[in-house]
Amino acid sequence: MDTQTIIDKIKAHKTQPNLKFRLKKETEDFTDLLFLSLFDSETPFEKNLPELARQFDCLVDLACWDPKKSCASVWDDYLHRLPSVLEDLNLDALAIASCDPASSSIEEVYLAYPGFYAIAIYRLAHELHKKKFPLVPRLMTEYAHSQTGVDINPGAQIGKSFFIDHATGVVIGETAVIHDHVKIYQGVTLGALYVAKDLRDTKRHPTIETNVTIYANATILGGDTVIGANSIIGGNAWLTQSVAPNSTVFHSPEIKIRTNNGV
C-alpha cells in the first residue's frame, strides 16, 4: 500500500467533521482563567472580563455547530449567574473548613482541597449545562476529573454547603440529586443500577437528602433510591434501595480467625 493510498483511507475514516480537539484545550484555558478570576486576590475579575468573554466566544464558535441552537446569548445570562455561583462556592468552602479538623484555614481549602476544586468546576459547568450549551460543561468537569480524581457530571443537582473529603475516586452521575449540607468521602459512587441508552431521559441516579454523611467507598445505585435526611451511610456499604430518614447503615465485614493449625 503506497503512502497516498494510506492518506486516502485515513481521510475516508475521519468521519466526524465537527470533532476539533482544540475545543478541549480552549475549554481548559477558559476554566483556569475563570477560576482564578473568581478566587485569586491578584487576578482582578473586572480586568479579565473582556478576555473571558473573548474565550467564551471562541468556545461558541467551536462547540455550537448546530444552527438550530443559539449559543451567542448564553454568555450574558451566564455572567449574571456568576455572583450566585460564587456565593454558593463560598458556602462550600466554609462547610469544608468548619467540618474538617485537618483544615488549618479557609485559605487552605481554596488552595489545597481537591474536593473544593471539583465542586467549584462542577458548579461553574452546571450553569452552562442548564442552558444546554453543548460539550463545554462536560469538558469542564472532565478537566476537574483529570486534576482531582472526582467525576461529577455537570447535569447533577447539588445543594448548598456540599463537602467532599479527600475526594479521590468520587463518582456522581448525571441525574443524581444532592440536597443541602451533605458530606461524602473518597471512593463514593452515586450511580445507576445498569446502563442502557434508552434510559437517557430517565432518572438513573440516587437522591441524597439534607444532612446526610456517606463514608468512604460506599456505593448507592438507582434513580428510585432515596437516602433520607440525617442518615449516615458507613464505609463500603452497597445500597440499591431507599433508606428512611435518620438511619445508620453499616457494612458488616465477615471475619474468620485462623487457628494454630491454619484452619
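Before reading the sheet I noted the rule: two strands pair if DSSP finds at least two bridges between them. I also noted that this is a predicted model.

**Entry 1, the sheet.** I looked up the strand order and found four strands in an open sheet, running β2-β5-β8-β11 with parallel pairing. Which strands sit at the edges? They are β2 (157-158) and β11 (226-227), and each of them pairs on one side only. I then checked how β8 (residues 207-208) meets β11, and found two bridges between these parallel strands. For I208 I wrote down its bridge partner in β11, which is I227.

How many aromatic pairs does the structure hold? I noted 13. One of them is F30 with F56, a tilted pair at 5.8 Å centre to centre, with 55 degrees between the planes. F30 lies in helix α2 (residues 22-39) and F56 in helix α3 (residues 45-63), so this pair ties together parts 26 residues apart in sequence. I checked burial too: both F30 and F56 are buried.

I looked at F30 with W75 next. Their ring centres are 6.3 Å apart and the planes stand at 70 degrees, so I logged the pair as edge-to-face. W75 lies in helix α4 (residues 74-99) and F30 in helix α2, so the pair ties together parts that are 45 residues apart in sequence. W75 is buried, as is F30.

Last, I listed the members of one aromatic cluster: F30, F56, W75, Y78 and F133.

Key: Residues numbered from 1 in each chain as written. Predicted model: local features only at pLDDT ≥ 70, side-chain atom pairs only at ≥ 80, totals over all residues. Heavy atoms only, no water. Phe/Tyr/Trp six-rings, centres within 6.5 Å; stacked < 30°, edge-to-face > 60°. Buried < 20%, exposed > 50% of the residue type's maximum accessible area, 1.4 Å probe, protein only.
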